[in-house]
Each structure stands twice: as structure tokens, then as C-alpha cells.
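Let's take a walk through this one together, starting with the whole chain and then zooming in on a single residue. Have the sequence and the model open side by side.

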Amino acid sequence: MSRPDASPSPSASPDPAVPGLAWPEHAWQLRLLGRPCLASVPPGRTIVLRPKDAALLAVVALSGGIKADHLSAMLWPGASARQ
């Protein structure tokens, strides 16, 4: 019995529980373990992120949207709204 290929292709479903859900032709993965970076899918391009840039992208990705004043208060708690 042959074993199916375990590596996902760009057109393979990212979640087997959701049939028909496929990767877009070009997508990005936000990697936060180790050195934070954005990695293209399919592989080929990687953008290394500074810690604050990674934190900003993680908050926005997880919240689905956030007001600028709330985000700035999280990243720069001592700054006033005018700064």
C-alpha cells in the first residue's frame, strides 16, 4: 500500500476537516517561534521581522482588526495620543 505524500501543495486543503478550502496561489505564514518572519507559500521568500513588527502582525492577525489607538497603547504604553 502506498503512502500519500504528507507535504501540502499550494492547492491542497490547509485543513482536512474543511473540504474545498484551498490555499490561495500566493499566501504568507507568520512564524513566531525562533526568529520571527513572514514566509511565502509556496516557499521562496522570507522577510525577517523585528520583535515589535512581529507583535503588531500577531495582534492584528489574531484579533481580525484593531483600532489604532488601542494598538499604540499596547505597543507604547507611556506615549500620549499626540505622540
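What does the accessible surface of the chain come to, and what percentage of it belongs to carbon and sulfur atoms? The total is about 6900 Å², with 61% of that belonging to carbon and sulfur atoms. Keep in mind as you look around that this is a predicted model.

Now for the fold. The chain has 83 residues, and buried ones make up 14% of them. As for contacts with a separation of 6 or more, 8% are between residues 24 or more positions apart.

With that picture in place, let's zoom in on S40. You'll find S40 in strand β2, which covers residues 37–41. Is S40 buried or exposed? Its relative accessibility is 14%, and because buried means under 20%, S40 counts as buried.

So what is around S40? Start with the polar atoms of its side chain. One lies 3.1 Å from the backbone oxygen of P42. On the nitrogen side, the backbone nitrogen of G44 lies 3.4 Å from a polar atom of the S40 side chain. Then look beyond the sequence neighbours: leaving out residues up to four places away in sequence, S40 touches A27, W28 and R45.

Put together, S40 is a buried residue in strand β2, with its side chain facing backbone atoms of P42 and G44 at the distances given above.

Technical notes. Residues are numbered from 1 along each chain as its sequence is written. This is a predicted model: local features need pLDDT of at least 70, side-chain atom pairs count only at pLDDT 80 or more; totals for chains, interfaces and linings use all residues. Side-chain values use heavy atoms; hydrogens and water are left out. Helices (H or I, at least four residues) and strands (E, at least two) are DSSP runs, numbered from the N terminus. Buried means under 20% relative accessible area, exposed over 50%, partly exposed in between (1.4 Å probe, protein chains only). A polar contact is a pair of N or O atoms within 3.5 Å; within protein, one must be able to donate a hydrogen and the other to accept it, and residues adjacent in sequence count only if both atoms are side-chain atoms. Contact means heavy atoms within 4.5 Å. Accessible areas come from the Shrake-Rupley method with a 1.4 Å probe; for residues, only the protein chains shown count as cover.
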